Structures are given as C-alpha cells and as structure tokens.
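The model is a predicted one.

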Amino acid sequence: MMVSSEASPWAKSGGLADVVGALPDALARLGHAVAVVIPRYMNAYDAPATRVIGRLPIALGQAVYDVSVWEMRSGGVTTYFVEHGGLFGRAGLYGDQYGEFGDNHIRFAVLSKAAIEISRHLFQADIFHCHDWQAGLVPVYLKTASAVDPNFLHTRTVTTIHNLGYQGSFPRQKMAEISLPDSLYRPDLLEFWGRISLLKGGLVYSDELTTVSKKYAEEIQTPEYGFGMDGFLRARRASLTGIVNGVDYSRWNPETDTAIPAHYSATALEGKQTCKRELLREMGLPEAAMNRPLLGIVSRFATQKGFDLIADMAWELFREDVYMVVLGNGEQRYEEMFRWLTIHFPNKVALRIGYNDALAHRIEAGADIFLMPSHYEPCGLNQIYSLRYGTVPVVRATGGLDDTIVDQNQPESTGYKFNDYTGNALLGTTRAACREWEDRKAWTAMMLRGMKQDFSWATSAAEYSRLFTRLHPSAA
Ligand code: ADP
Ligand code: GLC
C-alpha cells in the first residue's frame, strides 16, 4: 500500500506525482497487489471512484475528523481517495497565495491514520510504501500507537525520500494535535533542531529506506546534501538503497504524444522541426531562431533547481545568438528573475509562468537543448523525458542527473554535464553544447543515442519488488 500526497493525474506538483502515478502499475504487472492512498483534493472530485466507507472517524488529539473513503480500480491497482472537505477539498495541495496551509500537520496525519484504517478494513497491507514527509507518520503510528495491534504484527514499512529538502517541520507544540506523545520529542526520534520533523519520524521508524537515484543515496550521507540528516542517514546506510525512477513512455513519447503538433521518432526526425517552429510561434519568438539553438526549461521555481546560475551567466550567454523558452512557477524571486530576462532580451527569451502540462510536452519536443543546472536533484524526470524527445540535456552532475546522463567526453554521450556550482561552469557547458549543435552530424548522433535510452519502469519496479519480497516474503 503506497501512501502519498500526490499521484498523477489527480494531484501533481512535481515528479512525485509521476512516480506514484506509474510505479504501482509496474508493480502490479510483476504480480503484486497494489493500492495507493491519496487525499481527495478538489482536482480529484471527478475521478471515477465509488464511496466504500461513508464515515471513518479519525481521532487526533482532542478532535475527531470524519473522513470518507472512495475507491477506484484500474488495471491491477486500487486507488483509495481519502475525502474530508474541510481538510482536502482545496485547490492547492500544500498552500495557497498566502503561503503554506497552517494545518498541514493535521491534514497529513489524517491521511496517514486513514491509510492505516484502510489497511485494517479494506486492503490488508503487507508493506506500507510511504512517500516523503507527508506519509512519515504512517511508520510512526504503526510502531508506536499501533505497535501492539495484531493486525500489523507482520507489516513492514519502506519510506522513499524524493527530496530531503522538504522535511515536514513543525513546532513541538503541535505534537498533541496529531496524537504524538511528548516522549517522541528526542533527538534520536522526531526532534530536529528544536522542532519535530515528520520526515525524520518516517525515516527513524521505517524498516527500509530508499531514495530515487544511487548518486543521491550517497550524496545525502554528506553534510553538503544531508540537510542536517546526514549523520542519521550514515548510521542507517545498510538500510538505504538508491533506485532510480522510471518514466512513463505512454505519456512521454514523441511518437504518440497528443500535446505536440507533429510526431517524430529516431528513424523519422522531421516532425521535431515542426515542433520547434510551432513552439517559437506559440511563445512569440522570431522565426530566425529556427537556425539557432533553442534552450528549454520546465520546472518548479525552487532554490534546488539552480536558477541563480542562470542569472549569473545570462548577460554573457545572450550576447550570443541563442534563444530560450521557460515554463515554471514557484518562488517569486525566480519568477522575477526570468521576467527580467524577458525584458532585457525580449526577442531571445520567452516565459510562461504557471503550471501547464501540455506546454511542458511542447517544450520537450520543440527545444534543442534542455537546461537543468540543479544544485541538487534526487532523480529528475525532465532530463529523461528530454532524452526521449531528442532534446539534449545540459545538467549539473548531481543526483539522478549524474546517473542518467552520459557526459560529452564519453563515446556514448547523451548530454552535457558540469560539476562546479557556478554560473561560469554552466556558461561554458551551455556554450559547448551550442557549438556542437552547429555540427549537425555529431549533434544528430547525440540526439539519437539519447532517444534510444530506455528508462521504463519495468527495471526500477523490479528493484522495488526485490526489496519488498526480501522484507516480507508473502508480498511476492
Ligand atoms: P521535481 O519533482 O523536483 O519538481 P522532476 O524533474 O522529478 O522534478 O519532475 C517534475 C515534473 O513536473 C515533470 O513531469 C515536469 O514536466 C513537471 N512540471 C514541473 N513544472 C511544471 C510546470 N510549470 N508546468 C507543467 N509541468 C511541470
Ligand atoms: C522530487 C525530486 C525529483 C524527483 C522527484 C520524483 O520532487 O526533486 O528530483 O525526480 O521527486 O522522485
């Protein structure tokens, strides 16, 4: 039973949704019985689900939250939506224009407790697979409040870290509201820098830990990438595995993609030119850019993603004849930085602020080069989509970016990597890519090598499957 705050297509803010939207099917294909528990946000109201529990009381602290549970079956996977209008019936997943919701600890405590109840009543889980801090309380409740419950005697828990930068940190005073006894406020349990961390709770109480690439599994054990948890993660290294994400080629494939203006493949590339021409038109960039490299960015605007490096190098880069399309939203300072670029380079940089899945596909298809200069990147999916779309990635060699892209110096290169987290390093590498773009033969060869890479879920799901069956032989 997976517990998550996101799953495509019902709730998405980033890659977590893509993973929880696809991994369950891949596991089901391997013969596992898989259920997914997610909140019924406003966006999921039209999911074709049936109500299977009308009133499930979830007691937390002094309060009781009556949730209902909706079930949807598709392929081998059952999705359970936890409904509570007051807590989840909102447009935003974690916040709105005023910031993070003030009751997120309660919302995800309710989700976690509901998952445990669903396992008791509807789908007996051998393994809870918990994703990120929002599901961190599942292992905590199972190993504390429910420790003596015979229902869960053989239940095992796995927590996957999709991003150590989001820790579910709350003031100690909130513990009572989510039924956590003060005895858990200890440095070796939930306490973290004078607050509580729900992610830490999940990591402490889970039987096994995973993260979404091998390189990131190593990196988070170092002070530079450990967000203060590196010591703890080093201590648990024997239970920590890196399993790189797969991608869903039924959604991300230029041969079948319904969002792009022309289809293409490794054996018939012409359509990519049409995609580029249409993208330039859609974004209001000059037709002249057809003869020059077009850089693409699709991203949450977060510090993690390394956009300060773009600010550092922009003046230099746009002295040359290169173009850039950007789609993203998030932190205001990055929105402003990109807006500023469109003001200074109106014929070279085009920006759309917002979340737009179809446009994300059109940028993957229409751009020549995809930029991901991340400071850290647990896995990253866009660079893998880019490979399939023949859009050569320029990435910083960190986490999953390093694991999935073969460097320009290798004979089998699929992209460009740089190490130093500086604008200069990004500039040099982007320039090298733009130079190579002019050599059509070498460039096309690189595109084709990327397009032939296979990151389908089957391989990664098999790794999860081995982990699950090792933990709980009857999960096989
Ligand atoms: P992260 O999960 O850290 O945001 P990933 O690369 O793993 O990074 O996944 C990002 C996912 O979100 C991709 O599917 C990407 O296409 C999508 N995405 C990010 N920002 C936007 C946006 N503004 N509009 C549409 N899709 C977006
Ligand atoms: C996180 C990470 C991203 C990863 C995604 C799915 O949001 O930032 O690198 O691909 O989760 O695991």
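E463 is partly exposed in this predicted model, with a relative accessible area of 25%, and its side chain meets that of K214 in a salt bridge with an N to O distance of 3.5 Å. Because K214 lies in helix 6 and E463 in helix 16 (residues 457-471), the pair ties together parts that are 249 residues apart in sequence. K214 is likewise partly exposed, its relative accessible area being 47%.

**Other salt bridges**

- R277 counts as partly exposed, at 33% relative accessibility.
- R281 and E278 form a salt bridge at 2.9 Å, N to O, and both residues lie in helix 8, three residues apart, which is about one turn of the helix.
- Within this pair, R281 counts as exposed at 55% relative accessibility, whereas E278 is partly exposed with a relative accessible area of 30%.

**Domains and their interface**

- The domain assignment divides the chain into domain 1 (2-246 + 458-475) and domain 2 (270-454), to whose contact domain 1 gives 20 residues and domain 2 gives 19 residues.
- The C-alpha centres of domain 1 and domain 2 lie 32 Å apart, and the two domains bury about 1500 Å² between them, 51% of it on carbon and sulfur atoms.
- One salt bridge is found across the interface of domain 1 and domain 2, and twelve residue pairs, both residues at pLDDT 80 or more, are in polar contact across it.
- On the side of domain 1 that touches domain 2, the elements giving two or more residues are helix 1 (15-29) and helix 6 (214-219), and helix 6 gives the most, with four residues.
- K215 forms a salt bridge with D402, the closest N and O atoms being 2.7 Å apart.

**Cysteines**

- The count of disulfides comes to zero.
- The sulfur of C130 is too far for a bond, because the closest cysteine sulfur, in C379, is 20 Å away; C130 is buried, with a relative accessible area of 0%.
- The sulfur of C434 is also too far for a bond, because the closest cysteine sulfur, in C275, is 20 Å away; C434 is buried, with a relative accessible area of 5%.

How values were computed:
Residues numbered from 1 in each chain as written. Chains lettered and ligands numbered in written order. Predicted model: local features only at pLDDT ≥ 70, side-chain atom pairs only at ≥ 80, totals over all residues. Heavy atoms only, no water. Disulfide = S-S within 2.5 Å. Buried < 20%, exposed > 50% of the residue type's maximum accessible area, 1.4 Å probe, protein only. Domains from an automatic or database assignment. Contact = heavy atoms within 4.5 Å. Buried area = accessible area lost by both parts, 1.4 Å probe. Salt bridge = Lys/Arg side-chain N within 4 Å of Asp/Glu carboxyl O. Polar contact = N/O pair within 3.5 Å; in protein donor to acceptor, adjacent residues only side chain to side chain.
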